[in-house]
Amino acid sequence: MNLRLLEFVVAGNEASDLLPVRSRSLLRAHDAVRGFWTVLDEGPVEHCLALLLERTDGEWVAHHVPADAGVENGRTEDGEALAAHDGWVYVFGSHFGSKAGPLRPRRAFVARFREDDAATGTLPVQVVRNRFRVHRAVNDALVKAAFTPLPPGDRVRQRFIGETVARGTARAKSWVRRLADDDLPLNVEAAAFTAQGTVLLGLRFPVTVDGEPVLVELAGVPEMFTPGGSWPRAGRAYVLTGVTPPGALVGFRAVTPTADGGYAAVVGSIDALGKGSVLLDDHPTGGEVTSRHVRFRWEPTDDGRIAGEVAAELTPFRNVEGVAEMDGRSFYVTDEDHRVALWIG
């Protein structure tokens, strides 16, 4: 596949995910014919929203969006996934931790904003930190799954679960009761709404014992933001088949709806090489994996299996973090140090 590279510097940070702009007023405000949202994944969410825009003259530009999360300013980090629903853009935290653990409560959040509001002034952002409620709901769904998740090694379990519980207990945190010794650490890297208003969470980890990527359906996400709203509820967990190379471990890196009612996704490594990942210490076959652009339809079977197909091999990339399909072209964003790289195919 021949890809055209566009490079941007946006707040000195790397990008995660790629979501097409749907607001016409936002495009008009920037004299743009098309554009994408991306999230810069290291800082608090209000500092990490950016637009990649193709202007009417054909020039591509990046725009760092000023935002305000009110009382939640500075209380989140590591936004990883973007999803659109009913005029809102949702940002999902990774719910994970550093490469060596422990889990970080600041990463267990969902934020949202009205896309039209980004056309003028500082963007108001709503943030709900769930204090491991999503972690609990997803882990309970994985216990009931028709497939067997890949168990973490003792070191991973101690670093991510044991140390998180110990830190929370020492600080008298009430969220400790939502963690159990046999829990799996979650790394949320992808999200997309279904036609029913539920969210498909794509997990980078865990994967199945056969190395296949896992989706968990989450209901009630918009209701988190309503006065007196309820917490999300996890439905079934599913496995995407037919997209994992033999002998490899493959997790989700991105998921996006397509115009035909299906979904496109990127799958790839369960963690980055050369950055001290304890996951890869236990599961080295999860790192030497190049990214794949895949497609599937949301037609789960009774055994939780969803058939996927490979649309494109993205060799030699191991760091593709976002995908969009628009006007017959594919767009990808890669995780790069201190720059944003948009690839157009």
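How many nonpolar, polar and charged residues are in the lining of the largest cavity? The answer is given in point 5, once the overall form and the strands have been described.

1. Overall form. This is a predicted model, and its protein chain contains four helices and 22 strands. The C-alpha trace spans about 55 × 45 × 40 Å along its principal axes. A compact globule of 345 residues would have a radius of gyration near 20 Å; the chain has 19 Å, and therefore the value agrees with that expectation. Of the 345 residues, 59% count as buried, where buried stands for under 20% relative accessible area.

2. Strand E3 and its two partners. Strand E3 covers residues 32-40 and is mostly covered, with eight of its nine residues buried. Strand E2 (residues 15-20) runs antiparallel to E3 and is joined to it by four bridges. Within this pair, Ser 16 has Val 39 of E3 as its bridge partner. E3 also pairs with strand E4 (residues 49-55), again in the antiparallel sense, over seven bridges. Here Gly 35 has Leu 53 of E4 as its bridge partner.

3. A sheet of four strands. An open sheet has the strand order E7-E8-E9-E11, and its pairing is antiparallel. Strand E7 (79-85) and strand E11 (126-129) are the edge strands, since each pairs on one side only. On average, neighbouring strands of this sheet are turned by 20° against each other, direction ignored. One of the residues involved is Ala 111, with Val 127 of E11 as its bridge partner.

4. Rolling a probe the size of a water molecule over the atoms shows where empty space is left. The count comes to one cavity of 30 Å³ or more. The largest cavity has a volume of about 60 Å³. Its lining consists of 13 residues, and those nearest its centre are Leu 19, Leu 82, Ala 83, Ala 84 and Pro 257. The elements giving two or more residues to this lining are E2, E7, strand E12 (187-193) and strand E16 (251-257).

5. What lines the cavity. The opening question can now be answered: the lining of the largest cavity has 10 nonpolar, one polar and two charged residues.

6. The largest pocket. About 500 Å³ of space lies in the largest pocket. It is lined by 26 residues, of which Lys 99, Arg 204, Ala 272, Lys 275 and Asp 335 lie nearest its centre. E12 and strand E21 (329-336) each supply at least two residues of this lining. By class, the lining of the largest pocket has 16 charged, seven polar and three nonpolar residues.

7. The second largest pocket. The second largest pocket has a volume of about 320 Å³. It is lined by 14 residues, and the closest to its centre are Pro 105, Arg 106, Arg 171, Lys 173 and Trp 175. Which element gives the largest share of this lining? That share, three residues, comes from helix H3 (residues 154-170). The classes in this lining are seven charged, four nonpolar and three polar residues.

Note on methods:
Residues are numbered from 1 along each chain as its sequence is written. This is a predicted model: local features need pLDDT of at least 70, side-chain atom pairs count only at pLDDT 80 or more; totals for chains, interfaces and linings use all residues. Side-chain values use heavy atoms; hydrogens and water are left out. Buried means under 20% relative accessible area, exposed over 50%, partly exposed in between (1.4 Å probe, protein chains only). Two strands pair if DSSP finds at least two bridges between them. Axes are lines fitted to C-alpha atoms, for helices over the stretch in contact, and angles run from 0 to 180 degrees between N-to-C directions. On a 1 Å grid over the protein atoms alone, a cavity is a set of points where a 1.4 Å probe fits but cannot get out, and a pocket is an open set with protein on both sides within 12 Å along at least five of seven lines; lining residues have an atom within 4 Å of a point. Grid points are joined across faces, edges and corners, and a volume is the space filled by probe spheres set on the points. Ala, Val, Leu, Ile, Met, Phe, Trp, Tyr, Cys and Pro count as nonpolar, Asp, Glu, Lys and Arg as charged, and the others, Gly among them, as polar. The radius of gyration is taken over C-alpha atoms; the globule rule is 2.2 Å times the number of residues to the power 0.38.
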